[in-house]
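Q: How should I read the annotated sites in a structure like this one? Please go through them one at a time.

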Amino acid sequence: TKPITINTLRKMKLEKRKFVTVALYDAPMAAMAQKTGIELLLVGDSLGMTVLGFDSTVPVTMEHMLYHVEAVSRGNTMSLIMGDMPFMSYSTPELAMANATKIMQAGAHMVKLEGGAWLAPTVNMLADRGIPVCAHLGLTPQSVNKFGGFRVQGRTKSQAESILQDAKLLDQSGADLLVLECVPVELAKKITESVSMPVIGIGAGKDTDAQVLVINDILGLTERPPKFSKNFLVETASIPGALKKYADDTRNEIFPAEEHIFC
Ligand code: KIV
Ligand code: NA
């Protein structure tokens, strides 16, 4: 088998085969994900909360991200690896260019950034220069202070319409993937059908092209886990078993189940 590329994921979208994404942070987990055949790894800035003990992703720095992207890339030669751009590291296109370069040189194959229409020129600039970008819409955790808490986005008609328009614009601007976090199921379905880039859902129902979960939630390490997540360790009693069950259940559309869907 060959390493996964953005082309693999695009093909899977066209063939309506679900792919699997895990947010993880270190070499042994990355190696286990490779054994399990997980297509996409996200070195998420969620590491601020899951690994470093911060209460949001706002304090995460480039240094934190580079350290963990390097670790993950050492553990895995087959999956596509994307690295999150931390808070304010992409607030202008030029800054985004400089920081995305560092994340790529640390071993990522693409970068992810949070935000809507304002990011179109940045996505365009990175794409033109050879850096694939994953956009992230809906509940974008770096904006938690602006949202006034971690809450579902896109509930009203006008909010939903604006997220849909953002998704279309970023697709046209050259984004290669999109994460949709905590948006209503109907909206996630509509966006997935409206853009050519594959869409990865978290708390967004089962109609997206892929799912992502955080490894800590899969393994029951989270004290108050989000409602959309599932502890797969309980029924499998081993870490490789839990990863495999998450992957199988996602591919077979068993996960997410009704109980993980809340709007
Ligand atoms: O940081 C992260 O783990 C993420 C995913 C939850 C999408 O952004
Ligand atoms: Na993130």
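**Reading the annotated sites**

A: This is a predicted model. Start with Asp84, which sits in strand β3, residues 80-84.

Q: Is Asp84 buried or exposed, and why?
A: A residue counts as buried if 20 or more other C-beta atoms lie within 10 Å of its own. Asp84 has 31 such atoms within 10 Å, so Asp84 is buried.

Q: Which residues is Asp84 in contact with, leaving aside neighbours within four places in sequence?
A: Contact here requires C-beta atoms within 7 Å. For Asp84 the partners are Leu42, Val43, Gly44, Asp45, Met65 and Lys112.

Q: Where does UniProt place the feature "binding site"?
A: The unreviewed UniProt entry puts "binding site" at Asp45, Asp84 and Glu114. These residues span 70 residues in sequence, but no two of their C-alpha atoms are more than 10.9 Å apart, so they gather at one spot.

Q: What can be said of Glu114?
A: Glu114 belongs to strand β4, residues 110-114. Glu114 counts as buried because it has 23 C-beta neighbours inside 10 Å. Beyond four places in sequence, Glu114 is in contact with His136, Thr140, Gln142 and Ser143.

Q: Which residue does the annotation "active site" cover?
A: In the unreviewed UniProt entry, "active site" covers Glu181. Glu181 lies in strand β6, residues 177-181.

Q: Is Glu181 buried or exposed?
A: Apply the cut-off again: Glu181 has 23 C-beta neighbours inside 10 Å, so Glu181 counts as buried. Leaving aside neighbours within four places in sequence, its contacts are His136, Gly138, Leu139, Ile202, Gly203 and Ala204.

Notes: Residues are numbered from 1 along each chain as its sequence is written. Chains are lettered from A and ligands numbered from 1 in the order in which they are written. This is a predicted model: local features need pLDDT of at least 70, side-chain atom pairs count only at pLDDT 80 or more; totals for chains, interfaces and linings use all residues. UniProt positions are given in the numbering used here, feature names are shortened, and annotations may be inferred rather than shown by experiment. Helices (H or I, at least four residues) and strands (E, at least two) are DSSP runs, numbered from the N terminus. A residue is buried if 20 or more other C-beta atoms lie within 10 Å of its own, exposed if 12 or fewer, and partly exposed in between; C-beta atoms are placed from the backbone. Two residues are in contact if their C-beta atoms, placed from the backbone, lie within 7 Å.
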